[in-house]
Every structure is written in structure tokens, then in C-alpha cells.
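Thanks for coming. I will take a few minutes to walk through one structure for those who have not seen it before.

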Amino acid sequence: MSPLETLRRMHDLAGWPLLSATFLARLPLSMSLIGLLTLVTGTTGSVAAAGAVSGAFALGGAVGGPVIARFADRHGQRLPVLVMSLADAVLIALLVAAVLAGYDLPALAALAALAGMCLPQIAPMARTRWVVLIRDRGDRGAERERSLAAAMSVEGVLDETAFVLGPALVGILTVLVSPTASVLSASVLIGVFGTVFALHPTAPPGAAPARGRGERIAVPALVVLAVPMFCQGLFFGGMSTGVTAFATASGYGDLSGLMYAVMGASSAVAGLLMASLPVGVALTTRTRIAAGALFAFSLPLYLAHDALVLAVTVFVLGAAVGPHLVSLFALVERAAPPSRLSQSMAVVLSSLILGQALGSAVAGSLADAHGHQGAFALATVGGLVSLAVSVLIMRTRWYDRRPGYEEERVGETAPSTGETWSDTGNIRR
């Protein structure tokens, strides 16, 4: 499928209103992280305090996300997304008021963590919603795989675009209005479009209570995926810090966001193109190739270059980011028990958030000590570790035998092995 065909397939599943709501409702995450940094720094004069508040917000999201997602798996998405969207809108507004009122750092960090914990987890909920829509439509075999590939590709692009556009919107609102306006805009977006997403008729109902071994999420197939996703977060932290350090040292500080957006553009296009790959190419193979490219394409970052050459290097590197994310989330869909899909998505996404938060903190110290290449080293390490895990630990058979999924595949062929599923849920050898 071409990128246009991929988008058309998603439109046929649910229409543009859902796609638009899922995108606009996930903008507040990146807007809040950057907006709080700007607002707290400007208000207190302390970058360290701003980092603590923004970090507490991210940590709260990583901790609260799986809990909210688990509730949605059990009771349906509508109620938790609606309640959390409205509650989070209020909490973010209260956090802004507390910053302007001069509350001390512990109080601000606590309020930020609470606001982060109430994030409605639009990204994992949206991925789960597409899976349910595809299942309910009755797609089978290769057609189902193409629809799932399209869904994961588009979701990856929406994530990338949100993390690129969010900081840009913060910058524009900060310049044209004020830092306060940028964070309050995030509050409005989550309240309005989180509500739209919650009330959309595609919201799936909850599943029956989990029973048996098949409903656990602490299984190797899912635990292993948390590691490369954490490494992807390290990569993001290293790249964003490295690009900023290079741009500042070279006198192009104002262009750092634009240069980072270049990577997001190539990543989005490459992510959409993942839906064009033949169904027979195993997801684990795609993950290994993407992780290898993530590592290999980062090596030119250490060559001597000017701003233009770095922009080209970053653009090429972005072509590995989208496929890596898309493949990992597709593997989560394969490995997760159907009744805990949202929670599984949220746990893996939390690994990325934690990796990015830690990566940004460590990369900052590396940049101070060794310049921009010190920060880039963290991105290279992230790619290398992800490659090692996908090659040495990840097993293809784990993702051809997802619990609760086998009975839907009777008579079909496992994509990676060519083996056929029996009516007992086992592979015929």
C-alpha cells in the first residue's frame, strides 16, 4: 500500500473524525512537557526546578498509564477516558495557577505528577480501538494483517507528528502570547478532544475479567518488547539534546527544533510505508532491520559536519525511527492477551517515556562534558542495545502464538514460519 492507500484504509475503518480526535488529544502530552519547562524556568529562573516539574509530569504518566488502561480493558474506554480527560484538563490548569502563585517545588512536583497520572492514555487506547474495529469488521488472513499494518503505521505517524508539532505550538504561543497560554492550551485540547475521543461511537466495551495463565502480561513476549522501547526513548533523549547542543554551539540555536522536525518528517513517511511491506515479512525481522538501521545510521553523527550536513544525517536517521516504533507496537498487538491489550500498549509506551526522560537527563550531562557528540552517543547505545535484544533474545514464535488469538486463525498460515494453525489453537508441525 502507498501512504495514501494506508490513510484511505484507516478512513474506511472509522472516518476522519476519529483520526483527528486521536491526534489532537495526544498533542497535550508533548505540549505540557515542553510548556512546563518554559513556564517554570521563566517564573522561577531555575532550569533544575523546571526539569523536576516536567520530569514529575512524565513519571506520573508512566506510572498511571497502565492503571487507567487496565480499567479501560475491564470496563470499556468511554468512562475512564472521559473522566480522565476532564480531570486532567482541570489539574493542568491548577498546576499553571500554582506556578504563577509561587508554590514551592515539592508542591509543584506533586501536582505535576498527579496531572501526569491522569493523562487519558490516548495513544494506547487508539491502537486498541483500531485492533477491535478490524476484528469486528471480520478481516481475516492477509487482509487483516494489511489492516493492522496500516493501523500501526498511522498511529506511529500520529505519535511522531504530535511530538514534533507540540513543541512547535508551544514555541509559537510562547512568543505570540505567553508561556502560560501554551500550557493552558494543552489543558483545553485534552479536555475537548479527549472528550470527543471518549464519546466517539467506536469506543470498545470492556472485556470479561482475566482468568488463567493466558491473561498475564508479564510474559517474555511482552517483557522483552519493553527493552527496545526503552532504548527508543534513550535514543529520543540523546538526539533531542544532541541536536540542541550542536545548534546552540554553532550559533543556530533557534533552528534546533526545526532540525529535529526534519527527523520526524522522514520517520513519519517511513512509518507509513511499513504498511506496504509484504505480509510474509515477519514482524521480528522488521524490528531487527529497523534496530540495525537505527544503530548504523547514527554513526555518521560523529563525523565533522556543519548544520546542513547534520540536517541531512538526521533526515536519513529518521527513516529508521518510524519502522522501529511501528514494528514494536505491532508485536505488542500480537503478544498481548485480547482482554489486556490497552494495558499492554500502555506499559510498553511507559517504557518509552521513562527512557526518554532518563535519556534527556543523562544526555544533558554528557553534552556538558563531551559536547553534542556525547549526547549522540546515548542515541547510538539505544540503537545498539535494541538490535542486540531483537537478535539475541526476541523469538519469532512468541508473536505467532498470541494467547486468545490462535482460535481466530484456524486454517491460516503463521506469517514467519509457514506453519498452519489447528482447531485446538496449536501450530501443526
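Predicted model: local features only at pLDDT ≥ 70, side-chain atom pairs only at ≥ 80, totals over all residues.

Residues are numbered from 1 along each chain as its sequence is written, and side-chain values use heavy atoms, with hydrogens and water left out.

The chain has 429 residues, and 55% of them are buried. Buried means under 20% relative accessible area, exposed means over 50%, and partly exposed is in between, with a 1.4 Å probe and protein chains only. The secondary structure comes to 14 helices and two strands. These are DSSP runs numbered from the N terminus, with helices being H or I of at least four residues and strands being E of at least two.

The accessible surface is about 16800 Å², and carbon and sulfur atoms account for 69% of that. The areas come from the Shrake-Rupley method with a 1.4 Å probe, and for residues only the protein chains shown count as cover. As for contacts, meaning heavy atoms within 4.5 Å, take those between residues at least 6 apart in sequence: 81% of them join residues at least 24 apart.

Now the helix pair. Two packed helices are described by the angle between their axes and the distance between the axes. How do the axes of H4 and H8 cross? Helix H4, residues 78-100, and helix H8, residues 179-199, have axes that come within 8 Å and cross at roughly 170°. The axes are lines fitted to C-alpha atoms, for helices over the stretch in contact, and angles run from 0 to 180 degrees between N-to-C directions. H4 and H8 are therefore roughly antiparallel; the cut-offs are under 35 degrees for roughly parallel, over 145 for roughly antiparallel, 65 to 115 for roughly perpendicular, and oblique for the rest. The contact includes Leu 82, Ala 89 and Ile 92 of H4, and Val 183, Ile 190 and Phe 197 of H8. Its residues divide into 14 nonpolar, six polar and two charged. Here Ala, Val, Leu, Ile, Met, Phe, Trp, Tyr, Cys and Pro count as nonpolar, Asp, Glu, Lys and Arg as charged, and the others, Gly among them, as polar.

Next, the cores. A nonpolar core is a set of buried Ala, Val, Leu, Ile, Met, Phe, Trp, Tyr and Cys residues joined through side-chain atoms within 4.5 Å. The largest one holds 107 residues, and those touching the most other members include Trp 130, Phe 197 and Tyr 399. Helix H12, residues 307-335, gives the most to this core, with 15 residues. Leaving aside neighbours within four places in sequence, Tyr 399 is in contact with residues including Leu 225, Leu 331 and Met 394.

Some single residues remain. Where does Glu 155 sit? Glu 155 is in helix H7, residues 141-176, and is buried, with a relative accessible area of 0%. Not counting residues up to four places away in sequence, Glu 155 touches Thr 22, Arg 26, Ala 123, Ala 126, Arg 127 and Trp 130. Glu 155 and Thr 22 are 133 residues apart in sequence, and 8.9 Å apart C-alpha to C-alpha.

Gln 121 lies in the loop between helix H5 (105-117) and helix H6 (122-137). Gln 121 has a positive phi of about 60° although it is not a glycine, and counts as buried at 9% relative accessibility.

Ser 350 is in helix H13, residues 341-370, and counts as buried at 6% relative accessibility. Leaving aside neighbours within four places in sequence, Ser 350 is in contact with Gly 61, Ala 62 and Pro 66.
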